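Hi everyone, thanks for coming. Please have a look at the structure on the screen, and I'll walk you through a few places in it.

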Amino acid sequence: MAKCPHCEKTVTLKKSEPNQICRETEGVAKKEVMYSCPHCEKVIGFGFFLGGVLTGRP
Ligand SMILES: [Zn+2]
């Protein structure tokens, strides 16, 4: 299990669990994503991936 670096509560990327990390995406073809803690709402990290027309990802 992963822990938030800010509040040290358990977080997960699994969608079925209540402590799932919040993920916000921005962009169409080249997406940028921001992860935030579901407990304290502080940002955990950023990333980007190719999506949309290229991979069919939402
Ligand atoms: Zn937190």
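This is a predicted model: local features need pLDDT of at least 70, side-chain atom pairs count only at pLDDT 80 or more; totals for chains, interfaces and linings use all residues.

Residues are numbered from 1 along each chain, as its sequence is written.

Now the strands around that pair. β3 and β4, the latter covering residues 30–36, pair in the antiparallel sense over 5 bridges. Strands here are DSSP runs of E, at least two residues, numbered from the N terminus, and two of them pair if DSSP finds at least two bridges between them.

What is the order of the strands in the open sheet? It is β3-β4-β5, 3 strands with antiparallel pairing. The edge strands are β3 (22–26) and β5 (43–50), each pairing on one side only. From one strand to the next, the twist averages 20°, with axes being lines fitted to C-alpha atoms and angles running from 0 to 180 degrees between N-to-C directions.

Finally, two loop residues. E41 lies in the loop between β4 and β5, and E8 in the loop between β1 (2–3) and β2 (10–11). Phi of E8 is near 65°, a positive value in a residue other than glycine. For E41, phi is likewise positive, near 65°.

Is E8 buried or exposed? E8 counts as exposed because it has 11 C-beta neighbours inside 10 Å; the cut-off for exposed is 12 or fewer other C-beta atoms within 10 Å, for buried 20 or more, and partly exposed is in between, with C-beta atoms placed from the backbone. E41 is exposed too, with 11 other C-beta atoms within 10 Å.

Notes. Helices (H or I, at least four residues) and strands (E, at least two) are DSSP runs, numbered from the N terminus.
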